[in-house]
Each structure stands twice: as C-alpha cells, then as structure tokens.
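Please look over the sequence and the structure shown here, and then read the briefing that follows, which is arranged by topic.

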Protein chains: 2
Amino acid sequence: MEKLHSAEQLSSYRNTIDNLDAALIHILAERFRCTNKIGELKATYNLPEVDTNREEIQLSRLKTIAQDAGLDQTIVEKCMRLIISEVILRHSQMKN
Amino acid sequence: MEKLHSAEQLSSYRNTIDNLDAALIHILAERFRCTNKIGELKATYNLPEVDTNREEIQLSRLKTIAQDAGLDQTIVEKCMRLIISEVILRHSQMKN
C-alpha cells in the first residue's frame with residue numbers, strides 16, 4: 001500500500017468512527033434520559049441509589065455480549081463502571 | 001403512583017437500559033474493530049499513535065451532538081477520554 005493510499009484509508013476509517021461515535025452519543029443520551037427517570041422514581045419512593053446485585057447481573061450479561069461481538073471485556077467493564085458511577089452520582093444529587 | 005406500580009415502572013426502565021446497553025456494546029465492538037485497523041495502518045507506516053488535533057476536533061464535535069441530544073457534556077468527555085486512551089494503549093502495543 002502506498003503512503004497516499006494509506007492516508008485515504010485512514011480518512012475512511014475515521015469517517016466510520018465519527019458515524020459510530022454519533023450513534024454512541026445518541027444511545028448514551030437516551031440511556032441517561034432513562035436513568036434520570038429511574039432517579040426520580042427512586043427519590044420519590046426513597047429507594048436505594050445503588051443496587052449491587054443488579055449491577056453485577058448487568059455487567060456479566062454485557063461481558064457475554066462483548067465476547068460474542070469480539071470486544072475486549074476489560075473495555076466493557078471500564079466503560080460500564082464509568083457510566084454506572086455517573087448514574088449513581090446523579091441519583092444521589094436528586095435525593096438531596 | 002403506588003409502590004407496586006413503581007416496581008413495574010422500574011422494571012420497564014431497566015428493560016430499556018438493557019436493550020440500549022446491548023446496542024452500545026455492539027457499536028463499541030465495531031468502533032474497536034475499526035481502530036484496530038487504524039492501529040495496523042499506523043504500525044505499518046510508523047505513524048504517531050496520538051493525534052491531539054484530531055482528538056480535540058472529535059471531542060468538540062461530540063460535545064455539540066451531546067448538547068443537541070440533551071446529554072451532559074462532562075459524561076461525553078469522560079467516556080470519550082476513556083475510549084481514546086484504550087485505543088492509544090492498543091496502538092502502542094501493536095507497535096511493540
């Protein structure tokens with residue numbers, strides 16, 4: 001592959017990534033809309049912010065999906081722990 | 001809303017989250033497939049792993065998309081920094 005061709009290839013990959021990232025953001029936006037509603041529900045009924053059992057079941061399921069899709073499970077774990085910690089932070093703010 | 005109804009509502013929200021998470025994982029899997037190809041290209045042509053200019057343009061664009069979708073920009077920044085750092089780690093491993 002020539003250097004010029006490699007630059008075109010890199011540009012093409014980056015276009016794919018930009019499209020995938022836009023999809024990621026929209027799904028994340030909908031996910032946080034949903035967890036915000038859960039936060040309101042938990043605040044109303046004074047339910048605990050953290051449900052460790054639910055988290056572990058979620059994570060285990062997502063690792064299986066990741067494995068089937070060829071995605072490194074450590075990435076899934078790091079991303080989901082980050083997202084869940086942001087959700088818990090927002091839920092605790094709703095209670096205060 | 002009664003307590004029983006709130007439990008049903010919580011369960012319904014969680015079903016939505018499980019579906020969105022499966023979509024997230026599949027998009028992430030495809031994103032890492034694509035960045036792995038970029039890693040091979042960078043290793044072949046000895047291109048730098050980090051492109052700070054590209055990262056900042058990506059992040060700025062995604063923050064705008066997040067704002068339009070009603071998603072907190074700090075969440076986007078944290079998630080994307082995490083994903084990009086995982087990509088850079090894999091690219092540097094490919095070079096060694």
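**Briefing: how chain A and chain B meet**

In this predicted model, the side chains of B:Arg54 and A:Asp18 come together in a salt bridge with 3.2 Å from N to O, a salt bridge being a side-chain nitrogen of Lys or Arg within 4 Å of a carboxyl oxygen of Asp or Glu. B:Arg54 belongs to helix α2 (residues 52-69) of chain B and A:Asp18 to helix α1 of chain A, so the pair joins two chains. Helices here are DSSP runs of H or I with at least four residues, and strands are runs of E with at least two, numbered from the N terminus.

Residues are numbered from 1 along each chain as its sequence is written, while chains are lettered from A and ligands numbered from 1 in the order in which they are written. Local features need pLDDT of at least 70, side-chain atom pairs count only at pLDDT 80 or more, and totals for chains, interfaces and linings use all residues, with side-chain values taken from heavy atoms and with hydrogens and water left out.

**Charged pairs**

- Another salt bridge links B:Glu86 with A:Lys78, where the closest N and O atoms are 2.6 Å apart.

**The side of chain A that touches chain B**

- Helices α1 (3-44), α2 (52-69) and α3 (73-95) of chain A each supply at least two residues of this side, and the largest share, 28 residues, comes from α1(A).
- The residues of this side divide into 29 nonpolar, seven polar and 16 charged, where Ala, Val, Leu, Ile, Met, Phe, Trp, Tyr, Cys and Pro count as nonpolar, Asp, Glu, Lys and Arg as charged, and the others, Gly among them, as polar.

**Extent of the contact**

- The contact, meaning heavy atoms within 4.5 Å, takes 52 residues from chain A and 52 residues from chain B.
- About 5,200 Å² is buried between the two chains, and carbon and sulfur atoms give 74% of that area, which is the accessible area (1.4 Å probe) lost on putting two parts together, summed over both.

**Symmetry**

- A rotation of 180° with 0.0 Å of shift along its axis superposes chain A on chain B with an RMSD of 0.0 Å, by least squares on the C-alpha atoms of residues with pLDDT of at least 70 in both.
- That is the relation of a two-fold axis.
- Of the interface residues of chain A, 100% are also interface residues in chain B, so the copies meet through the same surface.

**Confidence**

- Chain A averages a pLDDT of 92, and 95% of the residues score at least 70, pLDDT being the predictor's confidence in each residue, from 0 to 100.
- The model scores ipTM 0.92 and pTM 0.92.
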